[in-house]
Every structure is written in structure tokens, then in C-alpha cells.
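This report describes selected features of one protein model. The sequence and structure are shown first, and the discussion follows.

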Amino acid sequence: MPLAKKLLAKGLKATNTKKLDLELMVDDSPNTKKTGEFVQGQLEQLPKVKVHIKSLPKVQRITKEGKSDFDMVIATWTSTFSDPINFLDVWESDSTYNNSKWRNKKFDNYTELSENRYATNPAQRWTQLQKAEHELMNDQGTIPLYQVTQAQLLDTKVKGIIYNGSGVPYDWKYAYIK
């Protein structure tokens with residue numbers, strides 16, 4: 001918390017702002033509301049910060065988010081295929097999903113290199129993806145809060161089910177009962 005307070009004071013001074021009065025937009029689902037309340041509570045521990053939660057039906061939240069009509073928003077992203085680029089390319093400057101309008105030339109360059117020049121060189125591609133992620137996290141283009149997971153119970157007689165970490169969760173093609 002001391003570092004957060006120091007950085008807040010520096011930011012307020014740099015922008016000639018006396019306080020932050022922010023709106024946090026969330027879906028009206030129970031879990032998202034709880035997450036919003038947690039974030040609100042954490043941020044309001046900082047001096048001169050007030051956060052108001054705006055809970056909307058998901059369709060309305062997505063519409064406002066698509067118009068970049070928010071101070072802060074809690075949203076989720078589920079990858080459709082198992083590759084880091086599916087999380088990173090959302091934040092490229094020209095991405096239609098980049099509703100925050102965050103821009104970073106280094107980040108764009110790293111993702112460009114990973115998708116083109118080094119697309120067939122796994123080691124170099126991976127290095128570029130790591131650099132892109134570092135740039136995104138260092139610049140706080142987004143702030144990951146958690147990774148969604150789900151517990152699974154499976155009868156020991158069921159074999160051959162393939163679980164995919166992204167995209168379609170299960171592949172039943174090779175499933176059988178032993």
C-alpha cells in the first residue's frame with residue numbers, strides 16, 4: 001500500500017488533480033458484483049479515491065464498453081485457442097477489442113514480430129510474446145484479476161476424455177467406459 005499511495009500522489013500532482021472519483025462498470029451477475037465490490041474496497045483504501053459501482057446487464061455493459069464509455073470496467077476474456085497471442089492481441093493498438101484505447105508501440109512491435117517474422121521460429125516467437133506481456137503488465141494496459149477455473153469430477157471408469165484449457169472445453173471423440 002505505501003507504493004500505491006506514493007504513485008497515486010505522484011499521479012495526482014502530475015495531472016494537477018485533487019482527488020479521483022471513478023465509476024467501476026460491472027455486469028449485474030453475482031460474481032462480477034462481488035469482484036467489483038472487492039476492487040472498490042481495495043482502491044478506496046487509498047487517500048482521495050472514491051469508486052462508484054455501476055452494475056449493468058451484460059449486453060448494456062458490452063455496449064458501453066464498445067464505445068469506450070467507462071472509467072474502469074471489469075470484463076472477462078476467454079481464449080478461443082491455446083496460445084498466448086489470443087490474450088495479447090486484444091491489446092494491440094488497432095484491435096477492435098481494445099476498448100480502453102491503450103497504446104504502446106513496443107508492445108505492438110513485439111506482437112507483430114511474434115505473428116510475422118518469428119511465426120515459424122518457436123523460440124524467438126516465445127521471446128517476443130514474453131516481451132509483449134512484460135510491456136503490457138509494466139504499462140498496466142490491463143490488470144488481470146484472476147483466471148477462471150472449474151473443478152471437475154470424473155468417474156474413474158470413464159477414459160479418453162480430452163480436456164482443453166481454452167476453446168471447446170471437452171473433446172468426447174475418444175471417450176469410452178472401461
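Against which helices do the buried residues of H5 pack? The model under discussion is predicted. In this model, the buried residues of H5 pack against H4 and helix H6 (122–139). The buried residues in H5 are Phe107, Tyr110, Thr111, Leu113 and Ser114. Viewed down the axis of H5, these buried residues fall within an arc of 160 degrees, so they line one face of the helix. In general terms, an α-helix has 3.6 residues a turn, so residues three or four places apart point the same way.

**Aromatic pairs**

The count of aromatic pairs comes to four. One of them joins Trp77 and Tyr97, whose ring centres are 5.0 Å apart and whose planes stand at 65 degrees; because an angle over 60 degrees counts as edge-to-face, the pair is assigned to that class. Trp77 lies in the loop between strand S3 (72–73) and helix H4 (85–88), while Tyr97 lies in the loop between H4 and helix H5 (105–115), so the pair ties together parts that are 20 residues apart in sequence. Elsewhere, ring pairs link Tyr163, Tyr170 and Trp172 into a cluster.

**Accessibility of three residues**

| Residue | Relative accessible area | Class |
|---|---|---|
| Thr35 | 15% | buried |
| Trp77 | 35% | partly exposed |
| Asp155 | 43% | partly exposed |

Thr35 is found in helix H2. Apart from neighbours within four places in sequence, Thr35 is in contact with Ile74, Leu145 and Tyr146. Asp155, by contrast, belongs to the loop between H6 and strand S4 (158–159). Asp155 and Ile177 are 22 residues apart in sequence, and their C-alpha atoms are 9.3 Å apart in space.

**The second largest pocket**

Which residues line the second largest pocket? The lining consists of Asp27, Ser29, Asn31, Thr32, Lys58, Arg61, Ile74, Ala75, Thr76, Tyr146 and Val148. The volume of this second largest pocket is about 160 Å³. Helix H2 (30–43) and helix H3 (58–66) each contribute at least two residues to its lining. By class, the lining comprises four nonpolar, four polar and three charged residues. Two of the lining residues, Ile74 and Tyr146, are also among the contacts of Thr35.

Notes. Residues numbered from 1 in each chain as written. Predicted model: local features only at pLDDT ≥ 70, side-chain atom pairs only at ≥ 80, totals over all residues. Heavy atoms only, no water. Phe/Tyr/Trp six-rings, centres within 6.5 Å; stacked < 30°, edge-to-face > 60°. Helix = DSSP H or I, 4+ residues; strand = E, 2+ residues; numbered from the N terminus. Buried < 20%, exposed > 50% of the residue type's maximum accessible area, 1.4 Å probe, protein only. 1 Å grid on protein atoms, 1.4 Å probe; cavity = no way out; pocket = protein on both sides within 12 Å on 5 of 7 lines; lining within 4 Å. Points joined across faces, edges and corners; volume = space filled by probe spheres on them. Nonpolar A, V, L, I, M, F, W, Y, C, P; charged D, E, K, R; others polar. Arc of directions from axis to C-beta. Contact = heavy atoms within 4.5 Å.
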